[in-house]
Amino acid sequence: MPAFRQVGEKQLPNEILYMVWSPKRDLIALANKTGEVLLHRLAHFQRVWSLAPNENTGKEVTSLAWRPDGKVLAFSLADTQRVVLCDVEKAEILHFFTLENVVTCMYWAEVMDQKSVSSSISLLDEEGSLFLPKLPALPKSTSAKIFSEEKSDEVAKLLGDKRLNTLVLGGDSGFIELYAYGMYKIATVTQIAGRCLDLCLSSDLKALSVITEVHLSKEPEPIISYFQLDTTLLSDCLPEVTQMARKFTHISTLLQYQKLSLACMCEAWEDILMQMDLRLTKFVQEKNTKTSVQEEFMQLLMWGKASPELQSLLMNQLTVKGLKKLGQSIESSYSSIQKLVISHLQSGSEALLYHLNELKGMAMWKQKYQPLGLDVPTIEDAINAVGTFILKANELLQVIDSSMKSFKAFFRWLYAAMLRMSDDHVLPELNKMTHRDVSFVADFLSEHFKEAPELYDQKGQYFNVERVGQYLKDEDDDLVTPPETEGNPWFSFLQNSVHLKESPLLFPYFPKKSLHYVKRLVEGQIDICLQKPAEVIGNSVCQVLYMALYKLHPSDSVVPRFSLTSFWNDKSSNLQYVVFTMHSTESPRIYIMRRPTDLSRSVSNCLIAVEFGEFLGINKTESKKESLFSFLDVGFYDDEILTVLLKGHIDKEEKCRIMTQLPLSSIYNIEETEEVLNFDSSKRLDEQINHIPVQTVAVENQSRTLENMKAQYIAVNGIRKVSCVLSSNLRHVRVFEMDVEDDGEVDEEEEEPESQDVSGIKEEMEETVNAQDNSETNEVAGVKNPVVPEDDASSLESIPGTWS
């Protein structure tokens with residue numbers, strides 16, 4: 001095997017907690033102690049972009065995971081309990097969701113079975129794009145960054161390839177959830193106990209492996225345990241799960257689109273529109289006359305004369321210039337809201353109805369979809385909620401249309417009246433008012449200028465002249481002035497009709513509720529639709545193996561490492577590999593369990609211990625002395641090779657740090673070992689350690705000594721043939737190309753670039769993905785447990801996290 005070539009070395013300003021290579025490109029994602037997420041290139045370890053922590057996402061990163069196509073990066077946060085999906089190309093947040101538990105580890109798996117790319121799935125997506133118009137891009141604003149103007153169809157970006165991919169999240173108290181395409185929750189697993197330290201879902205969806213830290217009442221020290229769960233329902237119903245997941249991902253994205261559309265509408269509504277209500281309230285509190293505000297304005301309309309108090313209000317507080325500005329603000333704001341309702345809110349609601357009705361059709365095919373928990377009544381409730389939302393949006397359009405006409409006529413009349421008060425020239429066209437115009441203004445005054453003392457306690461105002469803002473407020477209170485339904489012929493017809501009154505064909509209508517209230521109703525009903533399949537699929541998951549590994553002693557200085565992965569073996573079976581160190585002290589052995597996901601072999605034939613023999617890098621005089629290797633970190637380079645980070649000792653004196661490649665073929669060169677472990681499930685594995693078969697391997701030219709570096713962690717990627725080594729002080733990194741000859745070291749101690757460099761990312765993504773579209777190689781990633789660093793120990797606490 002060729003030597004490794006060092007291509008970069010950096011001293012970073014902040015301590016790195018997590019590092020994960022992209023599965024498709026020479027990019028590595030990092031998360032540091034300040035909560036910053038960074039992306040670096042292999043060459044020169046150059047920074048491409050960084051995402052600073054903020055209150056919307058969070059600042060305590062707990063894990064990282066790449067989507068298998070390398071286009072999306074997921075990271076979890078402890079302070080906000082959120083999972084964030086980030087677009088790698090533009091460094092933009094595509095989607096985020098909040099959980100009830102803190103995520104401690106995650107794994108993003110891609111299904112390799114061709115059943116997840118069936119023609120029916122492609123047909124479903126094509127029909128949706130044919131029947132539904134493309135959603136218009138939301139206006140540029142702080143709230144609408146997710147749906148960018150350049151490409152508003154973010155659903156395709158979130159779905160990625162047609163093949164199903166699943167993001168698995170693990171946390172405290174046995175919390176495990178599976179999210180199809182990183183968005184739609186397809187399973188909530190409750191069959192395990194303890195805090196999840198690592199997990200891995202097999203690429204055929206048949207098995208889920210989990211390592212946890214379990215606290216038992218009888219044991220003072222926590223027990224490190226291994227669980228294997230059977231998830232064959234997902235595998236057996238793969239085409240149906242994929243179709244359901246893609247449909248729910250469309251629905252989830254449309255919900256986000258609706259939410260952002262409503263946020264843009266709220267931004268379009270201006271506080272200046274409340275000026276009329278506040279001025280009129282102040283006028284009522286200060287005036288000495290017994291006449292009402294409505295009567296004051298009516299006298300001005302009928303006789304052209306205003307009382308001194310009203311004239312003072314109009315000329316000194318409102319002013320001609322202020323009235324003109326108010327009129328322009330109302331017209332501009334209402335027009336913007338109206339356009340958003342028509343082009344965005346209604347089109348998004350129609351798309352929601354389309355996808356929910358398709359989902360209902362799938363649920364009615366009980367033979368295929370009932371085992372997955374799709375429930376027709378809950379979907380019908382969601383459809384009714386969306387219909388209610390559409391009715392409320394139409395009601396808002398009518399209120400806007402009516403208000404715009406009324407305000408135009410009112411301001412036109414009041415503007416002319418105020419010009420006459422100030423003895424300014426009044427244009428002839430402003431003086432022209434027909435009997436119809438007068439009647440229109442009189443109706444507006446009688447309806448909108450009534451004093452309502454009961455409003456004062458609620459809003460601090462006596463008036464509610466402006467009627468649109470109440471629909472956009474995110475409150476549970478009823479509308480201050482709901483639309484008038486008395487005398488409406490349709491309402492009268494429904495109330496008098498016995499059959500139509502409770503008809504399921506009619507959408508429910510809440511005349512006294514705001515648009516925000518109905519939006520929350522839609523989100524709640526759709527959330528129920530999402531929860532039911534997750535519960536049903538989660539309940540189908542069963543535990544098939546539990547293995548207590550060893551006790552974790554709090555006094556020990558180094559926490560053990562784990563690595564889990566799965567891959568296809570000759571396209572006929574799916575193997576699950578589990579690698580771990582046995583004790584919480586530095587161990588001279590690692591333990592590998594190779595186990596088919598169909599559970600055809602027992603633990604007795606699967607577990608083997610590995611120890612290293614001679615190392616050619618130690619000179620002859622030293623080799624005569626007692627030499628020993630302890631393991632620092634381990635990860636899957638690819639489906640055939642382990643990358644191991646070792647610490648070399650001679651006569652108990654630390655000598656060097658070594659990175660070596662360990663082919664699995666050198667471990668499993670004998671099909672069946674002579675010694676077989678008679679595993680007793682009632683005991684921990686560390687109590688049966690002497691019965692585990694041992695395989696000794698030699699460290700030859702497949703290794704490299706890491707000079708002048710206290711290496712502690714590694715992140716590797718065999719697809720791109722790269723590795724990254726991190727020192728125990730969490731700031732010093734070295735980057736290697738693995739399968740090339742070492743033709744000299746590269747000095748890479750330049751300053752960290754301050755500006756982001758995203759040039760070439762898009763082209764690189766397209767070239768790499770096109771080159772690997774036909775590849776069936778599954779993503780291989782190893783994840784390890786938290787450790788306590790050796791360097792700078794006085795300044796660091798125990799660093800939580802996972803390493804891959």
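**View 1. The largest pocket of this predicted model has a volume of about 1,400 Å³.** Let's look at what surrounds this space. The lining of the largest pocket is made of 45 residues. Glu395, Pro483, Glu484, Thr485 and Tyr509 are the ones that lie nearest the centre of the pocket. Sorted by class, the lining has 21 nonpolar, 13 polar and 11 charged residues.

View 2. Which helix gives the largest share of the lining? Helix H10 does, with 9 residues.

**View 3. Helix H10 runs through residues 376-421.** Here is a sum you can follow yourself. At 1.5 Å a residue, the 46 residues of H10 should span 68 Å, and because the C-alpha atoms at its ends are 66 Å apart, the two values agree. Look just after H10 to find Asp423, which takes a positive phi of about 60°.

**View 4. Strands E14, E15, E16 and E17 form an open sheet in that order.** The pairing in this sheet is antiparallel. Strand E14 (195-201) and strand E17 (542-551) are the edge strands, so called because each pairs on one side only. On average, neighbouring strands of the sheet are turned by 15° against each other, direction ignored.

**View 5. Strand E16 (residues 223-230) pairs with E17 over 8 bridges.** The two strands pair in the antiparallel sense.

Notes
Residues are numbered from 1 along each chain as its sequence is written. This is a predicted model: local features need pLDDT of at least 70, side-chain atom pairs count only at pLDDT 80 or more; totals for chains, interfaces and linings use all residues. Side-chain values use heavy atoms; hydrogens and water are left out. Helices (H or I, at least four residues) and strands (E, at least two) are DSSP runs, numbered from the N terminus. Axes are lines fitted to C-alpha atoms, for helices over the stretch in contact, and angles run from 0 to 180 degrees between N-to-C directions. The expected span of a helix is 1.5 Å times one less than its number of residues. On a 1 Å grid over the protein atoms alone, a cavity is a set of points where a 1.4 Å probe fits but cannot get out, and a pocket is an open set with protein on both sides within 12 Å along at least five of seven lines; lining residues have an atom within 4 Å of a point. Grid points are joined across faces, edges and corners, and a volume is the space filled by probe spheres set on the points. Ala, Val, Leu, Ile, Met, Phe, Trp, Tyr, Cys and Pro count as nonpolar, Asp, Glu, Lys and Arg as charged, and the others, Gly among them, as polar.
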